[in-house]
Amino acid sequence: MSAQFRGVLSGEQQVIKGTWSQGERSATLTLTPVEEAAANESASTTSSRPQHPEKPYPYRTEEVTFKSDAGGVTLAGTLSMPDEEGPHPAVVLLQGSGENGRDYAYRGHKFFLVLADHLTRHGIAVLRYDLRGVDESEGRLSGASLEDLARDAASALRFLKERRSTEAGSVGLIGHSMGGMIAPWIHGQFEETAFLGLLAPLSLPGHQVLSQQRARIADAAGASAAEVDSIRKQSRRVFEILRSDRDSADVASQLQPILREGGAQNDRLQLKIEANTSPWFRDFARYDPRPALQQVEVPVLAFFGGGIYWCPLSKTRPRCVLRLRTAGLTACRFAYWRG
């Protein structure tokens with residue numbers, strides 16, 4: 001974390017007053033003892049969230065399976081349908097990268113359960129499914145290519161279109177991160193959609209995004225300017241190799257000395273090489289989403305977070321700016337004040 005806390009213990013007040021610092025940021029922090037029972041009651045491994053859809057739902061849910069065109073694996077998911085008589089518009093939800101199940105859960109927050117609940121309450125049927133090799137879906141995620149995942153999603157679209165309860169001409173995709181990146185490609189190459197909803201999708205080639213991400217993470221963790229520059233240079237060397245046409249064994253042999261230079265220890269080196277040479281990761285590094293975005297002619301709603309900063313009118317209310325973009329061009333800009 002590149003963080004530290006330095007404080008002074010007050011014998012009389014039984015508190016520790018000090019400063020918490022991380023990178024170039026710091027804040028005062030006072031640690032106060034609490035009763036053990038109270039501490040146990042307040043302790044939790046998950047964040048308190050206001051969004052927890054609870055049964056009974058005002059709509060129907062159905063556990064479903066469908067076969068993917070990519071290798072014929074059977075994928076499992078949940079279909080939520082409005083109670084009103086159909087046919088209904090419908091949407092498939094696409095997760096970001098990683099071993100994600102249908103609810104797209106992170107630290108107790110079930111992102112796609114919340115989204116599916118909201119959309120179904122507003123008359124839209126929603127299919128969310130476990131990625132291949134995750135939970136109840138067949139196959140292996142570790143050996144899958146980016147095209148395999150795109151074809152899985154295309155199969156989910158066709159599955160929805162073929163159901164009597166859905167309106168075949170009003171079935172679309174909503175994807176987050178990697179899901180938003182490949183959604184236009186799915187529409188253009190594998191199965192047409194009626195609309196696209198893109199939540200924080202990549203809009204630059206994968207290798208550029210990952211290089212920037214690594215450098216920014218290091219900067220936020222307090223790395224020096226020289227260290228951040230070194231990480232950028234190492235990333236460029238790694239991705240130049242990954243984007244080549246060399247086979248995995250050749251790529252692995254060339255990556256090994258570069259990753260060692262970057263500080264990878266022996267016990268982690270092989271894991272890093274395997275992760276970098278996986279079919280999905282190499283595809284991701286090569287993929288440029290811009291051509292597919294430029295070819296999209298159906299309605300697109302894309303959200304990008306523009307960061308949080310202080311409102312000039314008040315030092316107590318953060319202002320969050322979002323930019324709405326289509327095919328890389330800013331279409332709209334709006335702001336939201338919390339509180």
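This is a predicted model: local features need pLDDT of at least 70, side-chain atom pairs count only at pLDDT 80 or more; totals for chains, interfaces and linings use all residues.
Visitor: Why is Val228 called buried?

Guide: Buried means under 20% relative accessible area, exposed means over 50%, and partly exposed is in between (1.4 Å probe, protein chains only). Val228 has 6% relative accessibility, so it counts as buried.

Visitor: Which residues is Val228 in contact with, leaving aside its neighbours within four places in sequence?

Guide: Contact means heavy atoms within 4.5 Å. With those neighbours set aside, Val228 contacts Ala215, Ala218, Asp219 and Ala223. For Ala218, 10 residues away along the chain, the C-alpha separation from Val228 is 6.3 Å.

Visitor: How do you know that the span of H5 is close to the expected one?

Guide: The expected span is 1.5 Å times one less than the number of residues. H5 (residues 206-220) has 15 residues, and its first and last C-alpha atoms are 21 Å apart, close to the expected 21 Å.

Visitor: What makes the buried residues of H5 line one face?

Guide: The buried ones are Gly206, His207, Leu210, Ser211, Ala215 and Ala218. Looking down the axis of H5, they fall within an arc of 160°, so they line one face of the helix. That arc is taken from the directions running from the helix axis to the C-beta atoms. On the other side of H5, Arg216 and Ile217 are exposed. The buried residues pack against H6 and helix H9 (279-286). After H5 comes Gly222, with a positive phi near 100°.

Visitor: Why are H6 and H7 called roughly antiparallel?

Guide: Two packed helices are described by the angle between their axes and the distance between the axes. Axes are lines fitted to C-alpha atoms, for helices over the stretch in contact, with angles from 0 to 180 degrees between N-to-C directions. Under 35 degrees counts as roughly parallel, over 145 as roughly antiparallel, 65 to 115 as roughly perpendicular, and the rest as oblique. The axes of H6 and H7 (residues 248-261) come within 10 Å and cross at roughly 175°, so the pair is roughly antiparallel.

Visitor: Which residues meet there?

Guide: From H6 you have Gln234, Arg237, Val238, Ile241 and Leu242, and from H7 they meet Val251, Gln254, Leu255, Ile258, Leu259 and Glu261.

Visitor: What makes Asn276 count as buried?

Guide: Its 9% relative accessibility, so Asn276 counts as buried. Asn276 lies in helix H8 (residues 266-276). Not counting residues up to four places away in sequence, Asn276 touches Arg214, Val238, Leu242, Leu255, Phe281 and Arg282.

Visitor: What makes something a nonpolar core?

Guide: A nonpolar core is a set of buried Ala, Val, Leu, Ile, Met, Phe, Trp, Tyr and Cys residues joined through side-chain atoms within 4.5 Å. The largest has 59 residues, and those with the most contacts inside it include Val92, Leu127 and Ile186. Helix H3 (residues 146-161) gives the most to this core, with 9 residues. Apart from it lies another core of 9 residues, Leu115 and Ile174 among them.

Visitor: Is Asp135 buried or exposed, and how do you know?

Guide: Asp135 has a relative accessible area of 64%, so it is exposed. Asp135 sits in the loop between strand S9 (125-129) and H3, and its phi is near 50°, a positive value in a residue other than glycine.

Visitor: And why is Ser177 called partly exposed?

Guide: Its relative accessible area is 22%, so Ser177 goes down as partly exposed. Ser177 also has a positive phi, near 55°, and belongs to the loop between strand S10 (166-176) and helix H4 (178-189).

Visitor: Which residues do the cis peptide bonds join?

Guide: One joins Lys55 and Pro56, with omega about 5°. Another joins Gly86 and Pro87, with omega about 5°.

Conventions:
Residues are numbered from 1 along each chain as its sequence is written. Side-chain values use heavy atoms; hydrogens and water are left out. Helices (H or I, at least four residues) and strands (E, at least two) are DSSP runs, numbered from the N terminus.
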